[in-house]
Amino acid sequence: MFLKEKSLSAAGVSASFKENWLSNPKADLLSGLVVALALIPEAISFSIIAGVDPKVGLYASFSIAIVIAFAGGRSGMISAATGAMALVIVPLVADYGLQYLFAATILAGILQIGFGYLGVGSLMRFVPRSVMIGFVNALAILIFLAQLPEIFMLEKGEHFGFGKLGDLDFGRFAFNAGFIVAGLVIIYGLPRITKLVPSPLVAIVVLSAVVIGFNYDLPTVGDKGDLPSSLPLLSLPDIAFSAETLRIILPYSITLALVGLLESLLTAQLLDDMTDTLSNKNTESKGQGIANIVTGFFGGMAGCAMIGQSMINHRSGGRTRLSTLASGVFLLVLILLLGEWVAQIPMAALVAVMIMVSVGTFNWRSVALPTLKTVPLTESLIMAATVAIVVLTHNLAYGVAAGVLLSAVFFARHVAHIVKVTSVVDPDNIERLYAVTGELFFASTNNLVYLFDYDAVKVDRVEIDLSGARIWDTSAVAALDAVVAKFADRGIKAELVGLNEHAEKLHVNTTGKVSSH
């Protein structure tokens, strides 16, 4: 019996391993290669944003991708250095230097593991669908806007603005744009002929071959910065381990941990919906923490899940943990062994891939006229507010937080208006019966006291039935106390009935103690 159970257990482990790693090997490896190629310029760009050497972002990207493949809770999701995390650490690097960044990254990872054990992943259910759609649409817009400097071939560090158009070399711009359009034609046209190879990979290879073969003068990956030529070494941050150091890095670490988890869990939820599978959000939280700890010790910056790269992976056929691992391994191989060739890849090819991701990520149905006519106006406003705040601040966390807060306000406003009070006189004309229905809390109880017709009551006793209501807070208790007091002022005894166990306990403990009089 023991041997039979052991063999069944081993068979289960083998089946799980195959499902998570080897159920889709060809597509996973090819999609991992596409992701790795797209990661290089992004990792370099995020390093520049953070004010650190390009190798810091590249080290972070391959180490996080490799670690999260084993430790994460969502198959097929790509994690690496990201723009949102880079923006957080800009002041830290500027004021205190690179070693403090590594320490803050390690501490952020420790905090994320703690949040994972506290069950922070379960909080995802409080993010409404309208906020999720706003998050996705905003990210699609940001991905596209991030390509504008490459489309218009601006100098490193320059941001796109209409004032830049006056200095534009239109001939060179048209040539670059032509290559981008050619890349898009391959990306969208090749799948109509064959799907054996991911079309984004074909676009990168073909455009690179043309540019290199004809020696065309177009911006390349190498223009973004030098690629590292050696592996990073395991080391401790070169800082003083003191209370003062903790005071400096803790605020940044908390922000990194929260922003990283927010982006990672929202991305995991999005992939859950797209693949009709369920991920373990708490495991993902802990996995992100482990990945950041490792990258901090190996000289990398903090990272998290990348929705853009995850979309590339998904649309290129990547589904299992192997695709995530492949992206990290291929990135390592590309920058260490094939760096000379990778540096010659034209940015136009990668821009075409990112435009595909932007178009595919945006939820076009959410802005279609039939949808806008049928969806409640409040949900459309929440989605629009989320998009606007994210695009204006370039911070996904701000937009999502504002969207959730606005959703809560609209929900409270809606619930506050569905409290009803009905009444009948009993057949013996001895007492009047009131029935209260709805959610009783701070926003809904302001007018509760005015829903009773005190002066019209001609009996000595009233009964207020709360079996159809839910008492949430002491504001509701204070409102009910006020109702009872108003009846008492008229010589009428009022009795509350139908309270559930929670409401009964709350009322007994707080009645008479929360009144404003």
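**Close-up 1. Lysine 281, a buried residue in helix H11.** With a relative accessible area of 10%, lysine 281 is buried (buried is under 20% relative accessible area, exposed over 50% and partly exposed in between, using a 1.4 Å probe and protein chains only). Lysine 281 belongs to helix H11, residues 281-297; helices are DSSP runs of H or I with at least four residues, numbered from the N terminus. Leaving aside residues up to four places away in sequence, lysine 281 touches Gly121, Leu265, Ala268, Gln269 and Asp272, where contact means heavy atoms within 4.5 Å. Please keep in mind that this is a predicted model, in which local features need pLDDT of at least 70 and side-chain atom pairs count only at pLDDT 80 or more, while totals for chains, interfaces and linings use all residues. Residues are numbered from 1 along each chain as its sequence is written, and side-chain values use heavy atoms, with hydrogens and water left out.

**Close-up 2. The largest cavity and its lining.** The structure holds 1 cavity of 30 Å³ or more, and the volume of the largest cavity is about 50 Å³. On a 1 Å grid over the protein atoms alone, a cavity is a set of points where a 1.4 Å probe fits but cannot get out, and lining residues have an atom within 4 Å of a point. Grid points are joined across faces, edges and corners, and the volume is the space filled by probe spheres set on the points. Helices H10 (243-275) and H12 (307-315) each supply at least two lining residues, and H12 gives the most, with 3. Among the lining residues you will find Arg74, Leu271, Asn313 and Arg319. By class, the lining has 1 nonpolar, 7 polar and 2 charged residues (Ala, Val, Leu, Ile, Met, Phe, Trp, Tyr, Cys and Pro count as nonpolar, Asp, Glu, Lys and Arg as charged, and the others, Gly among them, as polar).

**Close-up 3. Helix H6, largely enclosed by the rest of the structure.** Helix H6 covers residues 129-145, and its 17 residues reach 24 Å from first C-alpha to last, close to the expected 24 Å; the expected span is 1.5 Å times one less than the number of residues. Because 13 of its 17 residues are buried, H6 is largely enclosed.

**Close-up 4. Positive phi at asparagine 215 and aspartate 276.** Asparagine 215 sits in the loop between helix H9 (199-214) and H10, with phi near 55 degrees, and is exposed at 67% relative accessibility. Aspartate 276 lies in the loop between H10 and H11; its phi is also near 55 degrees, and its relative accessible area of 71% makes it exposed.

Conventions:
On a 1 Å grid over the protein atoms alone, a cavity is a set of points where a 1.4 Å probe fits but cannot get out, and a pocket is an open set with protein on both sides within 12 Å along at least five of seven lines; lining residues have an atom within 4 Å of a point.
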